[in-house]
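Reader: I'd like to go through this model feature by feature. Could you show me how to read each one?

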Amino acid sequence: MTAAAPASQDILKPHLEIQGGNRLQGELRVSGAKNSALVLMTAALLTEDTLTLSNVPPLTDIDGMESILVSMGVKVRRSSETIHLQASDLTSAEPPYELVNGLRASFFAIGSILARMGHAKVPLPGGCRIGARPVVEHIRGLKALGAVVTVEHGVVSATVPGDRKRLKGASIVLDCPSVGATETILMAASLAKGTSVIENAAQEPEVQDLANLLNAMGARISGAGGPSITVEGVERLHGCDYTVIPDRIEAGTFLLAAAITRSTMRIAPVVPDHLNSVLQKLRDCGCVLEFDGDGIVITPGTIKGIDITTQPFPGFPTDLQAPFMALLATAQGTSVITEKIYENRMQHVGELQRMGAAIRVQGNAAVVEGVPSLSGAPVNGTDLRASAAMVLAGLVAKGRTQVSGLNHLDRGYAGIEAKLTASGAKLERHCS
Ligand code: UD1
């Protein structure tokens, strides 16, 4: 209890209280990928049959997507990490604003609602503190497939003209390789008449996961995972059972938890190809990695400063920028971290500074001078990955850290305190 006394307004919020300085050990289990599961759930709208997804992480974002699908008439059954979705009788093509707002992936459902029902009305996703995050590419793609799209009063309305209400295959060149736009267009094009080609497509593993699911439902998609995806539209899709890929961002966060506490640990399950750029950066800064069945054993050495630039996949993921910064704040030497995806994703810097980190922001880059130790403080996770960075810093900081912003953390990390506690971390949740 050596940290400065927290301001009362900070400790009154729900928070994680972390006693730093404990080595971790054993294994950290990785849940299913949030960003995959959310979009895969919306693919249920493309068929009347039952879609069963396994390895769905128990997260508040998944609850939110469930509510959105239920509001449109989808029947949902959930048991443990399996979810059964049946969209035989859709009652609405208009998910309500209060459910869509704040869950960006729900906007991507516009592609499947439109393909299935011939019309869709979806509110624009809410503003996010990490950047503007437009959806122009999604809309441009739907227009290319023949939809008439208007945006009025913050709501996107799309209709497919003609009697048969069927979208038409088209060639689409994305201006930027947007993950969400690629996924929206993939779902819409799967039921279109004719062939579509998406150029400059996002190559993220979650896009591949969606294409694999759609193919298992009877779609004819090739090239997903590369920059050019071809979709031969089919008349109907059917149900299937499908397992969501492991969450590469949670896996990366856990590798960083081991590295920042200088602990040897096993992280599993991991698909190494989904994490190559991150694994390389971990090696560059002094960690030894061994592949062991479906997992990775990480042994951190002396952590040294390195430079990182975020890029679309297969580059270094923006979602691990803040967590990696927490590690580099404790490295020997200087690091430069450049954020190329979002224009406002440095808010964690101020919070890390409160813990004694020596970081200065220059434009879209952060110059991190490693310090020998961080010290516990009340800090706020300003977005999902910033809150993960705060937890990592708290694990190694001297004294106690109170991390608020758990509404963000709970969107993306299933049972994080139980997982970390089982590995030897000292942290507990306070709900008031
Ligand atoms: C997805 C992930 C998110 C991750 C991001 C980038 C989900 C649910 N979320 O978000 O965790 O941080 O990929 O890896 O999968 N852009 C445009 N115009 C558009 C669309 C996007 O300029 O029409 C820009 C955005 O402003 C941003 C960049 O492209 O700078 C990446 O955005 P995008 O790939 O669309 O991210 P999401 O799919 O929303």
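Reader: Let's start with one side chain: is F324 buried or exposed?

Author: One thing before that: the model is predicted. As for reading burial, a residue under 20% relative accessible area counts as buried. F324 has a relative accessible area of 0%, so F324 is buried.

Reader: And F316, buried or exposed?

Author: Buried again, because its relative accessibility is 3%.

Reader: How many aromatic pairs are there?

Author: For a pair, ring centres have to lie within 6.5 Å, and planes over 60 degrees apart make it edge-to-face. By that rule the count is 1 aromatic pair. The partners are F316 and F324, with centres 5.7 Å apart and planes at 70°, which puts them in the edge-to-face class.

Reader: On to the ligand. Which residues come nearest?

Author: The ligand has 18 residues around it, and the nearest are R104, S178, G180, D319 and I341. By class, that shell has 9 nonpolar, 5 polar and 4 charged residues.

Reader: Which helices each supply at least two residues of the shell?

Author: Those are α6, residues 136-144, and α7, residues 179-190. The one that gives the most is α6, with 3 residues. You can read the shell by domain too: domain 1 (7-31 + 246-430) and domain 2 (34-243) each contribute at least three residues.

Reader: Which atom of Y342 lies 2.9 Å from an oxygen atom of the ligand, side-chain or backbone?

Author: For contacts like this, look for N or O atoms within 3.5 Å of each other. With Y342 the atom is a polar side-chain one, 2.9 Å from a ligand oxygen. E137 uses a polar backbone atom instead, 2.8 Å from an oxygen of the ligand. G180 also places a backbone N or O atom 2.8 Å from a ligand oxygen. As for cover, the ligand taken alone exposes 740 Å², and the protein buries 84% of that.

Reader: What caps the N-terminal end of α13?

Author: That's D383: one of its side-chain oxygens lies 3.0 Å from the backbone nitrogen of R385.

Reader: Where is T253, and what does its side chain contact?

Author: T253 sits in helix α9, residues 248-260. At 2% relative accessibility T253 is buried, and its side chain makes a polar contact of 2.8 Å with the side chain of Y413.

Reader: Where is A43?

Author: In the loop between α2 (34-42) and β3 (50-54).

Reader: Which peptide bonds are cis?

Author: One joins A268 to P269, with omega near -10°. P269 belongs to the loop between β14 (265-268) and α10 (276-284). Another cis bond joins F313 and P314, where omega is about 10°. P314 is in the loop between β17 (307-309) and α11 (321-328).

Reader: What is the phi of S80, and where is S80?

Author: S80 isn't a glycine, yet its phi is positive, about 50°. You'll find S80 in the loop between β4 (75-79) and β5 (82-86). At 73% relative accessibility, S80 counts as exposed.

Reader: And what about R262: what is its phi?

Author: Near 55°, a positive value in a residue other than glycine. R262 is in the loop between α9 and β14. Its relative accessible area is 25%, so R262 is partly exposed.

Key. Residues are numbered from 1 along each chain as its sequence is written. This is a predicted model: local features need pLDDT of at least 70, side-chain atom pairs count only at pLDDT 80 or more; totals for chains, interfaces and linings use all residues. Side-chain values use heavy atoms; hydrogens and water are left out. Rings of Phe, Tyr and Trp (its six-membered ring) pair if their centres lie within 6.5 Å; planes under 30 degrees apart count as stacked, over 60 as edge-to-face and the rest as tilted. Buried means under 20% relative accessible area, exposed over 50%, partly exposed in between (1.4 Å probe, protein chains only). A residue is near a molecule or strand if one of its heavy atoms lies within 4 Å of it. A polar contact is a pair of N or O atoms within 3.5 Å; within protein, one must be able to donate a hydrogen and the other to accept it, and residues adjacent in sequence count only if both atoms are side-chain atoms. Accessible areas come from the Shrake-Rupley method with a 1.4 Å probe; for residues, only the protein chains shown count as cover. Helices (H or I, at least four residues) and strands (E, at least two) are DSSP runs, numbered from the N terminus. Ala, Val, Leu, Ile, Met, Phe, Trp, Tyr, Cys and Pro count as nonpolar, Asp, Glu, Lys and Arg as charged, and the others, Gly among them, as polar. Domain bounds come from an automatic or database domain assignment.
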